[in-house]
Amino acid sequence: MAEIRAVPLGAGQDVGRSCILVSMGGKNIMLDCGMHMGFNDERRFPDFSYITDSGRSLTEHLDCVIISHFHLDHCGALPYFSEMCGYDGPIFMTHPTKAICPILLEDYRKITVDRKGEQNFFTSQMIKDCMKKVVTVNLHQAVKVDPDLEIKAYYAGHVLGAAMFQVKVHHQSIVYTIGVCYSRSAWIDKCRPDLLITESTYATTIRDSKRCRERDFLKKISECMERDGKVSKQHTSHPCPVDSLTASGPDPSVCSGKSSGAVYLTRDILASSPHSPHSHSYTLHTRERMNLLHPIYFSAGLTEKANHYYKLFISWTNQNIKNTFVQRNMFEFKHIKPFDRSYIDNPGPMVVFATPGMLHAGLSLQIFKKWAEDEKNMLIMPGYCVAGTVGHKILSGHKKIEIDKKMVTVRLSVQYMSFSAHADAKGIMQLIRQADPANVMLVHGEAAKMDFLRQKIMQEFGVHCYMPANGEMVSIATKPMISVDVSRSLLKRTQEQIHSPLAKKLCPVRGSATMSGLLVMRNEVRSLNTPEN
Amino acid sequence: MEELSHYIYRAPPTDHSAQWKNDSLWSSLPDGTLKESSDFHNWKELYTMEGIQKAISRIQPISYSETIDLFHHVKVTALSSGFCLGSCNWIIETEYNKVAYISSSSTFTTHPCPMERARLKSADILIMSGLTNAPSANPDTMLAELCTRMAQTLKNGGNVLIPCYPTGVLYDLLECLKAYLDSANLSNVPVYFISPVAKSSLSFSNIFAEWLCDAKKTKVYLPEQPFPHAEFIKSGRLRHFPNIHGDLGSVYQTPCVVFTGHPSLRCGDSVHFMEAWGGSSKNAVIFTEPDFEYLHALAPYQPLHMKAYYFPIDPRLNFFVANKLLNEFAPRCLVTADSYLPSAAHSQKENVCLQPEMQYYGLTRGRAVTIPLDGKFQKIMLDPELASKLLPQEIFPGVSVTSVLGLLSSRNNQHTLAPLPPHHRPHTVGKLLWGELSIEAFVQALRDQHGIVDVVIEGTEEAKTLNILGGKATVLISPEKTTIRDCADDKLRAILRDLVFRLLVQV
């Protein structure tokens, strides 16, 4: 009996370094190739020796690699994998992913090599060479990797260019849905895959509406600012690491002094999964009420570049932005000011959007060190933080955190607000209902939360649900249907029975009829004929 | 569509403009195209903006190579045709047959994705249409000529009008123009693009990188705008306006180059420029769209002093390329317009008509063509449980046979054969015999094993009659069946039956 085997090399009961190996119908596919933000040793990359130990090279073993989106925990190990481990086959991703991914990889390399001084890391040239192996796919385009292997991307909406992938080999199929922000645009056919692999980052969360979250977000900022304004003109600042930027950077973040649409941007860009119908009046209303007069900064460079990509890939954003972009391009912000490191000590309140979102390195960590000890300041964490990062420690309530061998006392107020556009439990359930898989496999989440979701899925859909740890294999038996040519005359004759008055007598099952024929197998051709033929 | 609708309804037709339709007036019209179209009473008014939106809202957008499944019966796939942004050819296929539809396609390297050819091969039917309207003009030569004439006119202080559609070839024209003006030292000449959709056309072209040729596609990774016209606009040399009434007046300076519609010169802002510039021989109008006969287009503006050039730029397939493609695709048969096919009027040269080497059908308006397709089989899915119980026997090397009994269910044009429910056995199930009954072997076995030698063989090549033991039994053998007849002796009958069974394969 045919089977599908899946092994997570990363992201098995964990968040970070997503990498799943799938074998089906004699084909081997690798889904994502990410890095782990919580580690700085060899554990930051998936363990590819799992493949090479069998004595075959990566290129021999793998038919293709598929990257779901540009976050580093999904593509961060790619240059290492292709240039240092020597994978030479095709790598598939969408156009925006191909555009943005090298920028993030370069940024990651800079931080690791230039700032931390690590050796034996991939180089800029390796990133370029790696990107040459990338083949881009369009949404819904059925790409034949070889005559038997077909992949198809669906819009996922997590970040710009994020996609779900369906992989088909003959009659076996799997669906990989990472980075799905469930909405009207992020849909998938009722394709009934044998296996659906989904993330479970927010497995136990059912989030309130995006609009509520945004309102809340703005309220918190303005309250903080007003308080300062009245009490004193003291230095107040709010670093807001942005998840989407974090690992990635698309976040053309944003926003508004007095007159640009802060809300709009927050909703559409930070979350980068802009589907909800927009109400312009709401935007205006909030903006006026907020009356933000203080400067708002965005970390320059990366953000600016990422912003540019959003302009070029407008077709990947939501309908509303698409419709209005000719008149007013949502991604041209008049009121954003690029942030310079020297502004850290500027007097007066300010809002700073800085990356990375998990505060494990870079500008956001630098600002945090400066501002952490003043209780007037506020930190808004916009998304999930991987265990081991400073962000994770802050969210867990640590009051004293060691950063670069110095203890920092956390006095500023910490707010957690999820803008990250991952699917929550409800979204995952909806997705499963839509695709109607025979088996589900959970990855990209924490074990305890995963288990809860697993129970729920098994209960509700009556399907097997797996949550393998890294290196643990899931094996699924599939029963592929066998396709046979049937002669039209036999088919017609049998079908007539269904509608004949004697149908009940001839066959006990309603709407069916017994068919009797002769199966002839000539080489590879199978045909079913009437006995006379 | 929006542009055309805009042009027409900007100055709505008056009631009396329909008076020519009166039979008395119509019959007095001079001979010409109008008089030949006898069904003008059925002519409809042009669609409105509302109509356009309604129609567009019904469209389901798809990607190239995305396969659409219609009723689980027919699969439809769009393939890039290389003509303009999003233009496509279609594959319509069932499990057994394939129809390819080639419409406006181009093998020239212009801005869109190149034409995809591999999947158009070996179709049962190939429908070919949308060949170039200017088969004798090479687009590259025409473009070079256009640039030269334009430069000449501009250097003499004249203006250049290029009546055009607001998308498509225009993008390539703008790109070439920019490069040419720079090299010809004319970079201070302003270029105006006037159309109600000018802004959206230029903006949209720059956000669909996925639909562009590789060179343009890779630009967005830098990130840069794929088309240079963004740069052109930024530098203030290319300006676009929705019409001539607004801001154009404040920046307008001559000499200049104007791109505007409609290329027929019957509506749109091209009319205005024709009237304004027609009087001076310094100015020039350059036609690039071969859809309209340029002399007809100019007729109402005579006498005209302005120079008129016709440099048709139509990158679609010409007959020469189309013939090459036909050989490459090698369809079983070709369906195409009668006018593309060889006829007495055409000399038999390969660059004036199609020269199909396969069977072909000509199309004329309003006439259907019926083409037979082989439809002996359909696909059925065998349930794996049923399949695992089948034990095929090999009757010839490479050919195995077995009888199958299962439960057929058909839903949404998908047929599956499942195992029969337990306890259900239909009455009429017997073993089937397979093979060819060799008469020699049969006679020999009778003789060797049963000592029966009295066998008389009669009949034709097709059906033989074996008369055994002087009429005790008759065996009729034909390719379809073997019958034992007139046999009163049960023992003999059993012998004959067993022999038949032994010489054939039971499945």
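This is a predicted model: local features need pLDDT of at least 70, side-chain atom pairs count only at pLDDT 80 or more; totals for chains, interfaces and linings use all residues.
Along with Phe81(A) and Phe368(A), Ile197(A) touches the most other members of the largest nonpolar core, a set of 117 residues. Helix α5 of chain A, residues 95-115, gives the most to this core, with seven residues. There is also a second, separate core of 36 residues, and Leu146(B), Ala151(B), Val169(B) and Leu170(B) are among them.

Turning to chain B, its secondary structure comes to 16 helices and 23 strands. Of its 507 residues, 44% are buried. As for contacts in chain B with a separation of 6 or more, 64% come from residues 24 or more positions apart. The chain's accessible surface is about 27100 Å², with 53% of that belonging to carbon and sulfur atoms.

Then there is the interface. Chain B puts 56 residues into the contact and chain A puts in 57. About 5000 Å² gets buried between the two chains, and carbon and sulfur atoms give 63% of it. On the chain B side, Glu210(B), Tyr221(B) and Leu408(B) supply 14% of the area buried against chain A, more than any other three residues.

Polar links across the interface include 15 residue pairs in polar contact and one salt bridge. Lys379(B) forms a salt bridge with Asp485(A), where the closest N and O atoms are 2.7 Å apart. Among the elements of chain B that touch chain A, β16(B) gives the most, with twelve residues.

Definitions and conventions: Residues are numbered from 1 along each chain as its sequence is written. Chains are lettered from A and ligands numbered from 1 in the order in which they are written. Side-chain values use heavy atoms; hydrogens and water are left out. Helices (H or I, at least four residues) and strands (E, at least two) are DSSP runs, numbered from the N terminus. Buried means under 20% relative accessible area, exposed over 50%, partly exposed in between (1.4 Å probe, protein chains only). Contact means heavy atoms within 4.5 Å. Accessible areas come from the Shrake-Rupley method with a 1.4 Å probe; for residues, only the protein chains shown count as cover. A nonpolar core is a set of buried Ala, Val, Leu, Ile, Met, Phe, Trp, Tyr and Cys residues joined through side-chain atoms within 4.5 Å. Buried area is the accessible area (1.4 Å probe) that two parts lose on being put together, summed over both. A salt bridge is a side-chain nitrogen of Lys or Arg within 4 Å of a carboxyl oxygen of Asp or Glu. A polar contact is a pair of N or O atoms within 3.5 Å; within protein, one must be able to donate a hydrogen and the other to accept it, and residues adjacent in sequence count only if both atoms are side-chain atoms.
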